[in-house]
Amino acid sequence: MTRLADIWVYLATSPLLGLTVTLVAYVIGDWIYRRAGMHPLLNPVLIAVVALVLLLKATETPYATYFDGAQFVHFLLGPATVALAVPLYFNLGKLKRLWLPLLGGLVAGSLTAAVSAVGIAWLFGGSPQTLASLAPKSVTAPVAMGIAEKLGGLPSLTAILVISTGILGAVLGPTVLNGLRMRDQATRGFALGVTAHGIGTARAFQESEQAGAFSGLAMGLNALVTALLLPVLAQLI
Amino acid sequence: MLHALTVLLLFQLAGEALTQLFSLPIPGPVLGMGLLFVALFFPKWVPEALRQTTHDFLQHLSLLFVPAGVGVLQHFHRVTQEWLPIMLALVVSAVLTVAVTALTIRALAQLTHADTRAAERE
């Protein structure tokens with residue numbers, strides 16, 4: 001028994017464990033998602049996050065210890081974002097035809113995301129700090145945190161709101177789009193990217209490469225537009 | 001695989017360096033995506049390897065968000081304190097944003113005669 005405890009103490013301090021449980025949780029989440037016929041509520045990111053939160057709580061492992069291992073997965077977000085340029089390039093013809101409608105959708109979506117979130121939270125008694133942290137929640141995390149700081153919000157709270165928005169967008173978005181009878185892959189992907197940044201893009205790639213390409217484009221452009229628009233909008237209010 | 005990964009990291013590095021240098025309001029990797037997109041226009045530059053690797057890489061994009069998602073642990077009390085306004089704002093705003101974005105694109109596409117359905121058949 002002490003031998004087993006020794007092994008646990010050794011493993012708990014090495015990055016191998018955090019990295020491995022992340023992959024195992026995701027593989028299980030992805031397996032459940034596929035087995036259930038890709039039911040939107042069984043989103044693999046949601047399953048993996050819930051499983052890992054329960055695991056860390058149960059073993060009383062601090063997030064920092066877990067992240068020592070998980071950071072290797074987290075790091076790949078950077079090169080993955082750069083990689084989004086490639087599918088976009090292969091959808092150039094469609095991008096050329098659709099750039100004006102996409103630009104309109106981008107501005108409308110960016111404003112809707114910020115105004116509706118802040119308005120609803122204000123209506124239900126959210127604190128000023130929460131409101132400022134909510135405003136950039138549809139933008140990719142690093143930019144959203146910077147914007148929140150400028151508006152007087154809490155960057156760390158914004159990070160959580162951004163991830164939650166991503167999961168919600170991936171869970172609810174395709175259902176909303178089906179309800180509206182949106183069949184065009186570029187439009188579907190773009191709407192998911194504006195709403196749910198990289199997590200929406202990951203969801204869009206499950207639909208098709210074209211949806212993923214336009215979703216990645218939307219994520220990048222939304223970061224830019226929101227970073228420019230929100231500080232101006234905040235001064236008007 | 002090796003070349004493709006090197007290319008991606010080089011463009012990320014360029015993006016990070018430029019955003020730091022000029023204090024741009026976008027993150028380095030997003031600028032790196034823009035730079036790579038422009039670079040792809042130089043003829044005969046896109047190796048098939050890059051296409052294959054990025055395809056495989058992006059298939060598992062959602063895995064990469066798991067560690068950040070687990071970060072909710074650090075802010076449990078804040079999120080539970082104001083759970084009602086936060087939850088309502090996030091859910092309603094997500095539904096509205098998807099709908100408004102998609103409907104705007106469809107309306108403008110019809111207005112500018114960019115037939116999205118014809119494009120879909122390609």
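**Figure 1. Burial and helices in chain B of the predicted model.** Chain B has 122 residues, and 40% of them count as buried. The model is predicted. The chain holds seven helices and zero strands. Read along the sequence, its pattern is α-α-α-α-α-α-α. Take contacts in chain B with a separation of 6 or more: residues 24 or more positions apart account for 33% of them.

Figure 2. Chain A contains 12 helices and zero strands. From the N terminus on, its elements run α-α-α-α-α-α-α-α-α-α-α-α. Of its 237 residues, 54% count as buried. Among contacts between residues at least 6 apart in sequence, 59% join residues at least 24 apart. The C-alpha atoms of chain A fill a box of roughly 65 × 40 × 30 Å along the principal axes. How does the radius of gyration of chain A agree with that of a compact globule? A compact globule of 237 residues would have a value near 18 Å, and chain A has 19 Å, which agrees.

**Figure 3. Two domains within chain A.** Domain 1 spans residues 2–75 of chain A, and domain 2 spans residues 84–236. Their centres, taken over C-alpha atoms, are separated by 27 Å. Five residues of domain 1 of chain A are in contact with six residues of domain 2 of chain A. On the domain 1 side of this contact, four residues are nonpolar, one is polar and none is charged.

**Figure 4. The contact between chain A and chain B.** Chain A gives 97 residues to this contact, and chain B gives 70. On the side of chain B that touches chain A, the elements giving two or more residues are α1 (2–22), α2 (28–39), α3 (48–59), α4 (66–70), α5 (76–81), α6 (83–111) and α7 (116–120). Which element of chain B gives the largest share of that side? The answer is α6(B), with 24 residues. By class, the side of chain B that touches chain A has 48 nonpolar, 16 polar and six charged residues.

**Figure 5. The largest nonpolar core.** This core has 105 residues. Those that touch the most other members are Ala83(A), Ala85(A), Ala117(A), Phe190(A) and Val66(B). Helix α10 (residues 155–179) of chain A supplies the largest share of the core, 12 residues. In soluble globular proteins, nonpolar side chains tend to be buried together. Look next at Ala85(A). Leaving aside neighbours within four places in sequence, Ala85(A) is in contact with Met33(B), Leu36(B), Phe37(B) and Leu40(B).

Figure 6. Val45(A) lies in helix α3 (residues 44–59) of chain A. Is this residue, Val45(A), buried or exposed? Val45(A) is buried, because 28 other C-beta atoms lie within 10 Å and 20 or more are enough to count as buried. Ile167(A) is 122 residues from Val45(A) along the chain, yet their C-alpha atoms are separated by 7.2 Å.

**Figure 7. A kink in helix α7 of chain A.** Helix α7 of chain A covers residues 92–123. Where in this helix does the kink lie? The kink lies at Leu98(A), shortly before the proline Pro101(A). The angle is about 65 degrees. Gly125(A) follows α7(A) and has a positive phi, near 80 degrees.

**Figure 8. Met38(A), a positive phi in a loop of chain A.** Met38(A) is not a glycine, although its phi is positive, about 55 degrees. Met38(A) lies in the loop between α2 (15–35) and α3 of chain A. Met38(A) counts as partly exposed, because it has 13 C-beta neighbours inside 10 Å.

**Figure 9. Ser23(B), a positive phi in a loop of chain B.** Ser23(B) has a positive phi of about 40 degrees and is not a glycine. Ser23(B) lies in the loop between α1 and α2 of chain B. Why does Ser23(B) count as exposed? Ser23(B) has 6 other C-beta atoms within 10 Å, and a residue with 12 or fewer counts as exposed.

Notes. Residues are numbered from 1 along each chain as its sequence is written. Chains are lettered from A and ligands numbered from 1 in the order in which they are written. Domain bounds come from an automatic or database domain assignment. Two residues are in contact if their C-beta atoms, placed from the backbone, lie within 7 Å. Ala, Val, Leu, Ile, Met, Phe, Trp, Tyr, Cys and Pro count as nonpolar, Asp, Glu, Lys and Arg as charged, and the others, Gly among them, as polar. Helices (H or I, at least four residues) and strands (E, at least two) are DSSP runs, numbered from the N terminus. A nonpolar core is a set of buried Ala, Val, Leu, Ile, Met, Phe, Trp, Tyr and Cys residues joined through C-beta atoms within 7 Å. The radius of gyration is taken over C-alpha atoms; the globule rule is 2.2 Å times the number of residues to the power 0.38. The bend at a residue is the angle between axes fitted to the seven residues ending there and the seven starting there.
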